[in-house]
Amino acid sequence: MEKELLVYVDGQFYPKSEANISVYDHGLLYGDGVFEGIRAYNGIVFKLKEHIDRLYRSAHTIMLKIPMTKSEMTKAVLETLKKNNLKDAYIRLVVTRGIGDLGLDPRKCPKPTIFIITEPMLQLHSPEVKEKGITTTITWVKRDPVDATTHEIKSLNYLNSILGKIEANNSGVDEAICLNRAGFVCEGVGENIFIVKEGKIFTPPISSGALDGITRTVIMRLAEKLGYIVIEKNITPNELFNADEVFFTGTAVEVTPISEINKRTVGNGKLGPVTKRIMQEFDKITRDPKEGTPIS
Ligand code: PXG
């Protein structure tokens, strides 16, 4: 029998089939917790420090005190990868409020639950999509507002994204695009969004309610280094439909071109030159040891 992957749960390692948490965990009962989706390329955990920092920022906002230092958390992630002998991996790091009673009061949860799942990296979209682009639809469900369960917090409340994803599935397209309450473009369900217009690059500000994506920041810096002007501004659906190029960024999707939005073809429907250049350069960055933390 093939050896099972090991999962870190509260300081111990369990085979995948035995890695469980309590049904009284508030992460499950209320979505009360925070998480990170991280990726390792060829033995280097890409932007691990940035992911750990964001995890602690999310936890700070929801007043969840993680009972580990950032350095201990970093070690736990690396240890889990080492134990599983993984070099190209997807890492899911989760901290929940922990076990409590059936009331929602977090004071009843004395100890946060921490678990780390690592899996070999699987391709989200087929390789052709990087050439052809994906189809999308703007979903009816509005992004959670910034004065509520905003996606600036990477919390376990992902129903907003899941509703968007269901809408994409029902419409027979690959992914959903979310608008905020004011009607401006916000992000995908698990991706940030960029448009290219007349050679300039635009992306919605985080104040639109989007996650401060780590790939987003990398792409903004990269694009500037390549000489492009990058502007954070509110983007309307009309601007989105009439962009020359549109692409998603994220840990899972990396840089993925969008070819269609609500049946409207983006640009000429082919991979645009700016997106192509950025995809190529991003690929180099993910493989640069200086951009991450080595597993061993
Ligand atoms: N917005 C949201 C709401 C996200 O959840 C991003 C943007 C992109 O952020 P990063 O930091 O990854 O550039 C995310 C991240 C998955 C998966 O399994 C989703 C994310 C990350 C990893 C895996 O769908 N979302």
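At 1% relative accessibility, isoleucine 219 counts as buried, where buried means under 20% relative accessible area, exposed over 50% and partly exposed in between, computed with a 1.4 Å probe and protein chains only. Isoleucine 219 sits in helix α6, which covers residues 214–225; helices (H or I, at least four residues) and strands (E, at least two) are DSSP runs numbered from the N terminus. Not counting residues up to four places away in sequence, isoleucine 219 touches Phe194, Phe247, Thr249, Val255, Ile278 and Phe282, a contact being heavy atoms within 4.5 Å. Phenylalanine 194 is 25 residues from isoleucine 219 along the chain, and the C-alpha atoms of the two are separated by 9.5 Å.

## Basis of the model

This is a predicted model, in which local features need pLDDT of at least 70 and side-chain atom pairs count only at pLDDT 80 or more, while totals for chains, interfaces and linings use all residues. Residues are numbered from 1 along each chain as its sequence is written, and side-chain values use heavy atoms, with hydrogens and water left out.

## Overall architecture

The protein chain contains eight helices and 16 strands. Its radius of gyration is 19 Å, close to the 19 Å that the globule rule gives for 296 residues, so the chain is as compact as a globular protein of that length; the radius is taken over C-alpha atoms, and the rule is 2.2 Å times the number of residues to the power 0.38. Taken along the principal axes, the C-alpha atoms fill a box of roughly 55 × 40 × 35 Å.

Of the 296 residues in the protein chain, 51% are buried. Among the contacts with a separation of 6 or more, 68% join residues 24 or more positions apart. The accessible surface comes to about 14,400 Å², and carbon and sulfur atoms hold 55% of that area; accessible areas come from the Shrake-Rupley method with a 1.4 Å probe, and for residues only the protein chains shown count as cover.

The chain carries 39 positive and 38 negative charges, whose mean positions are 3 Å apart. Lys and Arg count as positive and Asp and Glu as negative, without His or the chain ends, and each charge is placed at NZ of Lys, CZ of Arg, CG of Asp or CD of Glu.

Threonine 203 is found in strand β11, residues 200–203, and, at 0% relative accessibility, counts as buried. Leaving aside neighbours within four places in sequence, threonine 203 is in contact with Ile193, Phe194, Arg216, Met220, Ile231, Glu232, Lys233 and Ile235. Proline 15, by contrast, lies 188 residues from threonine 203 in sequence and 41 Å away in space, C-alpha to C-alpha.

The loop between β11 and α6 holds glycine 213, which is buried at 5% relative accessibility. Beyond its neighbours within four places in sequence, glycine 213 is in contact with Arg54 and Asn192. The C-alpha atoms of glycine 213 and glutamate 79, which are 134 residues apart along the chain, are separated by 25 Å.

Leucine 271 belongs to the loop between β15 (264–265) and α8 (273–286), and its relative accessible area of 19% makes it buried. Leaving aside neighbours within four places in sequence, its contacts are Lys130, Glu131, Pro257, Lys276 and Met279. Isoleucine 201 is 70 residues from leucine 271 in sequence and 15 Å from it in space, C-alpha to C-alpha.

Most residues other than glycine have a negative phi, and most peptide bonds are trans. Asparagine 42, although not a glycine, has a positive phi of about 45°; it lies in the loop between β3 (33–41) and β4 (44–46) and is exposed, with a relative accessible area of 55%. Lysine 47 likewise has a positive phi, near 55°, in the loop between β4 and α2 (48–61), but at 13% relative accessibility lysine 47 counts as buried.

## Cysteines

A search of the whole structure finds zero disulfides, a disulfide being a pair of cysteine sulfur atoms within 2.5 Å. For cysteine 178, the closest cysteine sulfur is that of cysteine 186, at 6.9 Å, which is too far for a bond. Cysteine 178 is buried at 0% relative accessibility, and cysteine 109 is also buried, with a relative accessible area of 9%.
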